[in-house]
Amino acid sequence: PLLHALHFVGRLVGVAVRQHINVNLDLAPSVWKWIVGEPLIATEDLHAVDSGLASVRKQVVEMVSPLLPPSEELRQSVEWEVACDVLSDMRWAVSLSDGSEVALRPDTAAGLTPENALQFVAAALTARLHEAAAALSAIRDGVLSVLPACALPLLTWSELKWRLCGEPDVDVDLLERCTEYDEEVSPDEPH
């Protein structure tokens, strides 16, 4: 039932774009990207979906990157010891939007290490950015039931958003220049 409703939303989006009907639909950039088939950019799109995980990702990458590839000297350093200490408390699982937890590998209890921390980051990003794949595909399929499939790749996500939602900012000067007043109202009167 939910996927049918989302397919219908996609059809409404397609009809609105085709008929040049502006609809205020505030969606994350990752949703627009999915609809037009643009690849998701982990660093940008993750922040809109899960700012907490985006922060963890950044911290892990900054902490671990200077330690790779590990040498015997690095393994004896304080930085290595601190990284091991911090990472050992993390588990191979990530929380999804609905609060459920998904395992990123069979043994979720195993702690992270500097050697595998970037694998954890990649797996967590993939899990979070694609957790709504079925829902987003239903919306995209709905759009494609109205618009030709060859048309969507011609648009960027921001162009599709603009075609559906219109210009987000009103140019007051342009509006004043294009406004016609009748004899009962003057442009100098407060409105």
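1. How close do the axes of α2 and helix α3 come, and at what angle do they cross? The axes come within 8 Å and cross at roughly 120 degrees. Axes here are lines fitted to C-alpha atoms, for helices over the stretch in contact, with angles from 0 to 180 degrees between N-to-C directions. α2 and α3 are therefore oblique to each other. Angles under 35 degrees count as roughly parallel, over 145 as roughly antiparallel, 65 to 115 as roughly perpendicular and the rest as oblique. On the α2 side, Pro 29, Ser 30 and Lys 33 meet Glu 44, Asp 45 and Val 49 of α3. Contact means heavy atoms within 4.5 Å.

2. A word on the basis. This is a predicted model: local features need pLDDT of at least 70, side-chain atom pairs count only at pLDDT 80 or more, and totals for chains, interfaces and linings use all residues. Residues are numbered from 1 along each chain as its sequence is written, and side-chain values use heavy atoms, with hydrogens and water left out. Helices are DSSP runs (H or I, at least four residues), numbered from the N terminus.

3. Take α8, residues 133-144. Its 12 residues reach 16 Å from first C-alpha to last, close to the 16 Å expected at 1.5 Å a residue. The expected span is 1.5 Å times one less than the number of residues. Leu 136, Ala 138, Ile 139, Gly 142 and Val 143 are its buried residues. Buried means under 20% relative accessible area, exposed over 50%, partly exposed in between (1.4 Å probe, protein chains only). Seen down the axis of α8, these residues fall within an arc of 155 degrees, so they line one face of the helix. The arc is that of the directions from the helix axis to the C-beta atoms. They pack against α1 (2-18) and α2 (29-36).

4. Next, α6 (78-88). Here Trp 80, Ala 83 and Leu 87 are buried. They fall within an arc of 65 degrees down the axis of α6, so they line one face. The face turned away carries the exposed residues Val 78, Glu 81 and Asp 85. Packing partners of the buried residues are α4 (51-64), α5 and α7 (117-129).

5. Ser 77 sits in the loop between α5 and α6. At 15% relative accessibility, Ser 77 counts as buried. A polar atom of its side chain lies 3.2 Å from the backbone nitrogen of Trp 80.

6. Two loops deserve a look. The Leu 68 to Pro 69 peptide bond is cis, with omega near -10 degrees. Pro 69 lies between α4 and α5. His 20, in the loop between α1 and α2, has a positive phi of about 60 degrees although it is not a glycine. His 20 is exposed, with a relative accessible area of 64%.

Key. Polar contact = N/O pair within 3.5 Å; in protein donor to acceptor, adjacent residues only side chain to side chain.
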